[in-house]
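The following account leads through one part of a structure, taking its helices and their contacts in turn. Please keep the sequence and the model in view while reading.

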Amino acid sequence: MKLLVGLGNPGAQYAGNRHNIGFMAIDAIAAASGVSNWKSKHSGHIAEASIGGERAILLKPQTFMNKSGDSVQQVARFYKIENADIIVFYDELDLAPGKVRVKVGGGNGGHNGLRSIDPQIGLDYKRVRLGIGHPGKEFVTHHVLGDFAKADQAWLTPLLDEIARQAPLLLRGDDSGFMNKLALAVKGDEPKKDDKPAAPKGQSHIRQARPTKTQTELPKSGPMADMLSKLFGKRD
């Protein structure tokens, strides 16, 4: 059995945040697998799925990001899942928007979710780093706790669709194949190399951690349309 974990913060006010792309990835996989029977257990939202013929547990910790390890450790222990079978999806500042990298082990890169998980289960689990871009050091908090912009939907929607479609590759250990498929899916929709997320006008420092309301253009059809409508539509 595999354990697929998406990192994020619980609550409607955080649902569209860049920091919650891990939750979005798990929701996309759940939707593609026909999963709807989520349960509140082990400090998280949890569901069982069949992905490419393999049994998997889907988990969205509800402990807030900096205590994600509490939920992951509980689920891994209850289902007796080894680290080699744990896959964690999370936002990565040091990758351009839409870029994805998969690796086993390594440091936490300052990510509070990993910083909580590592001491509780160890380092040797698989990490799926989902790029959200880096806005500059002084704007990091505003960036990660801000909603994806309207323009981001050009790469975010195909990325989430392809994560769901290619999840069986990831479960079989074909990490390179998984990354290649995702790269092809977002090709042509990624920002130019020199592009950086725009900093809020008139701000030279972060004044608030809570996100501001954004107007989001949703895809008109498809499985991601339903999911993103739930995330963004209700906030407009």
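In this predicted model, helix 1 passes helix 5 in a right-handed crossing. The contact is formed by Ile21, Met24, Ala25, Ala28, Ile29 and Ala32 on the side of helix 1, and by Trp155, Leu156, Leu159, Leu160, Ile163, Ala164 and Ala167 on the side of helix 5. By class, these residues comprise 13 nonpolar, no polar and no charged. The axes of helix 1, residues 21–32, and helix 5, residues 153–171, come within 8 Å and cross at roughly 55°.

Helix 1 is mostly covered, as 10 of its 12 residues are buried. The buried residues are Ile21, Gly22, Phe23, Met24, Ala25, Ile26, Asp27, Ala28, Ile29 and Ala30. Just after helix 1, Gly34 adopts a positive phi of about 75°.

Among the residues of helix 1 is Phe23. Its relative accessible area is 8%, and because buried means under 20%, Phe23 is classed as buried. Leaving aside residues up to four places away in sequence, Phe23 touches Gly6, Leu7, Gly8, Asn9 and Pro10, and also Lys60, Pro61 and Gln62. The C-alpha atom of Phe23 is separated by 8.7 Å from that of Leu59, a residue 36 positions apart along the chain.

The axes of helix 5 and helix 6, the latter covering residues 175–186, come within 9 Å and cross at roughly 155°. Since angles over 145 degrees count as roughly antiparallel, helix 5 and helix 6 are roughly antiparallel to each other. Their crossing is right-handed. Helix 5 contributes Trp155, Pro158, Leu159, Glu162, Ile163, Gln166, Ala167, Leu169 and Leu170 to the contact, while helix 6 contributes Asp175, Gly177, Phe178, Lys181, Leu182, Ala185 and Val186. This contact of helix 5 with helix 6 has 11 nonpolar, two polar and three charged residues.

Notes:
Residues numbered from 1 in each chain as written. Predicted model: local features only at pLDDT ≥ 70, side-chain atom pairs only at ≥ 80, totals over all residues. Heavy atoms only, no water. Axes fitted to C-alpha atoms, helices over the stretch in contact; angles between N-to-C directions. Helix = DSSP H or I, 4+ residues; strand = E, 2+ residues; numbered from the N terminus. Left-handed = near helix turned anticlockwise from the far one by under 90°. Contact = heavy atoms within 4.5 Å. Nonpolar A, V, L, I, M, F, W, Y, C, P; charged D, E, K, R; others polar. Buried < 20%, exposed > 50% of the residue type's maximum accessible area, 1.4 Å probe, protein only. Parallel < 35°, antiparallel > 145°, perpendicular 65-115°, else oblique.
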